[in-house]
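Dear colleague,

My findings follow directly after it.

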Amino acid sequence: MARDKTVLSEKELFEKTADMIEFAMDAKIEIQYGKGENWVRLEKDKEETITKKFLINIATPAVKGIGQYTALLHELAHILYESPFTPIQKLLKEWGHADFYFDIYNVLEDARIESHLTQNYIAYKKRFEKTLRDLGKKIDESIDLEKPANTLLSIRFMREDLVKDVKHYQVFRKAIEDVKRTDKFGALRVLLSIKKYLDEYIKDESGDEPNSQENEEWKNEEWNRTKVFPELAEQYDAIDELRKVGNTREWCKKFEEVIEVEKEIVKLEPWRSQNYKKTVEAKPFKEEQKPLSIDNAEKSKSEECLIPLELTKTDLSDAQIDALLEDGKIKGAREFQQVCEKLHRGGTLNIPKNIRMLQREKQKSTINQKIVKDLTKFFKRLKMQKKTIICDTGYDIDLEEYIKNFVKGTELNKIFSEDVKDVGVSMVLSIDASSSMRRYDRIDIARELTATIFESVKGVSKIEMRGNVWGGNEYGIAGITEIKNQKDTEMVTVDDEYRTTPTHSALEYSGRMLKEMKGGKKLLIVITDGYPNGFSKGKRIQTEHYEKVCKKALQKTLRITPHIVIIQIVQKYLQGWVEEKSERIFGAERVIFVDGMESATQQSINLFKNFLKKNSKNLF
Ligand SMILES: [Zn+2]
């Protein structure tokens, strides 16, 4: 029975939406429907898995005024735009009054991620505006609107009318604008830019210098001081002695003194505390009134990442602050662009955990016009041959095209669509980019080959061409770059971090690509100049074992297409040995040995032509 695809259950919709982000971020995302609030956190896996795993809690029952789907989109945006909750919490501990600043940070961060998310999804924009307005309606006199976090919230929730008379209202208004569409540290940038006004608030409220509470928090931290400040080891010992004998007064005095020294050091070398200070769980809100928010950022956890040095200093001039804000907008635009690319690279492929999608360095790609001409002529000949046979089956093909377009046109998104099988030919050209491919300009010739084939098949709709470039690191991770179009061919380059030859990954990944492609007939050509070798945890995998891994990968890929050819470039002095090994792994009928990349190019073109000739009835 046909499944009615237009009716998607709510949970299914949630899962599909999360799937999209999973794919874009190369991470695992789990949704749970639990009591309480909405939050997202990075799960620390006990096993050493490479894939990141996030857990999202969707408040069930929903928090009043916040739809569950809106909440999900919001949490996913934290993942997509990489909110650095954990490092920021750590940093703010050093500022003192961490909770106070973190509340403010959270309002800014939420405004930041939503500004990105709503930028190109009009429907989301409306959805969030409604939610923000609804939350705005809940703000009343019972809330202390002078409190900076609440002032900011009122502005964010479109209730500026309530806070127009608040001191420095304009500053907060500007802050909400400043944070929009900035980079992942944008909220911190803005927080730094308004810090002096926030400190003024603290001073007005408590009557004390921000310093004294800061010292209290600094003192109470659980961190390994001798590791961070080895030069102060003697002082620490002395303080310890005083504590042991119970001389509290003297102990406190000495401690205060040493803290001043520590602070001076951290001012000059902020990375010290950032690298060594342990994360301390944020304390719960002290006040009875929790700020209104879509989620609970204190419960949210993110990846540990290093905060850029310039953002760890607090004594900044106005000019420096302006520069930081501007930098945030520039980097924010770039990050937004990258996220768009990740989201739209399409497909429902789940990337295995031993594979990293790599953006490689780009080099100009040239096209071999001679080959293009030759292939164009070849296509023409095939077409002419075809015409005489095809006319009475033309109807079938039109019908197929019709169905294909119909399905495409009515699908919301590729993610919701099932595979549409098509006639035609698909080819994947898989290129080894281990460091040896630099020798004799092999990689440059491979780049030209890839660009040339893309150019040649440009006008032929039934030939679908893709490529991939691969290399491995010593931890067993393969860095793979998909080549989907002419522009991408510039990334047929060697990346020095991924210099080994993990042939099994190349086979498996190419298989996955072919599986997604539409052609009725599929061809895989792998060009390599090394013998397969695998690494794991910094060590080379035993040859015998790795051969088995490769054979298995080959078997798996053969289930997707029987047409797999390995073009092996062999260096003279290794000839016998490599040939024997390759034939043992791939089977003699599947390997072609050549003496250089020029011959590999010629062989690839020949293979391609032969394959098309055999399958030409599918083509025109
Ligand atoms: Zn949030």
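In this predicted model, helix α7 (residues 169–179) packs against α8 at an angle of about 165°, and the two axes lie 9 Å apart. Because angles over 145 degrees count as roughly antiparallel, α7 is roughly antiparallel to α8. The two helices cross in a right-handed sense. On the α7 side, the contact is formed by Val171, Ala175, Asp178 and Val179; their counterparts in α8 are Gly186, Ala187, Val190, Ser193, Ile194 and Tyr197. Sorted by class, the residues of the contact of α7 with α8 comprise seven nonpolar, two polar and one charged.

Helix α8 (residues 186–206) also packs against helix α4 (residues 98–117): the axes come within 9 Å and cross at roughly 135°. That angle makes α4 oblique to α8. The crossing of α4 with α8 is right-handed. Here α4 contributes Tyr101, Ile104, Tyr105, Leu108, Glu109 and Arg112, which meet Gly186, Ala187, Leu188, Val190, Leu191 and Leu198 in α8. The residues of this contact divide into nine nonpolar, one polar and two charged.

After α11 comes glycine 246, with a positive phi near 85°.

I turn now to the strands. Seven of them form an open sheet with mixed pairing, in the order β4-β7-β6-β5-β8-β11-β12. At the edges are β4 (355–357) and β12 (591–594), each of which pairs on one side only. On average, and with direction ignored, neighbouring strands of this sheet are turned by 20° against each other.

Within the sheet, strand β8 (residues 521–528) runs parallel to strand β11 (residues 564–569), and five bridges join the two. Isoleucine 527 stands opposite isoleucine 567 in β11.

The seven-stranded open sheet could then be followed from edge strand β4 to edge strand β12.

With kind regards

Note on methods:
Residues are numbered from 1 along each chain as its sequence is written. This is a predicted model: local features need pLDDT of at least 70, side-chain atom pairs count only at pLDDT 80 or more; totals for chains, interfaces and linings use all residues. Axes are lines fitted to C-alpha atoms, for helices over the stretch in contact, and angles run from 0 to 180 degrees between N-to-C directions. Helices (H or I, at least four residues) and strands (E, at least two) are DSSP runs, numbered from the N terminus. Angles under 35 degrees count as roughly parallel, over 145 as roughly antiparallel, 65 to 115 as roughly perpendicular and the rest as oblique. A crossing is left-handed if the near helix is turned anticlockwise from the far one by less than a right angle, and right-handed if clockwise. Two residues are in contact if their C-beta atoms, placed from the backbone, lie within 7 Å. Ala, Val, Leu, Ile, Met, Phe, Trp, Tyr, Cys and Pro count as nonpolar, Asp, Glu, Lys and Arg as charged, and the others, Gly among them, as polar. Two strands pair if DSSP finds at least two bridges between them.
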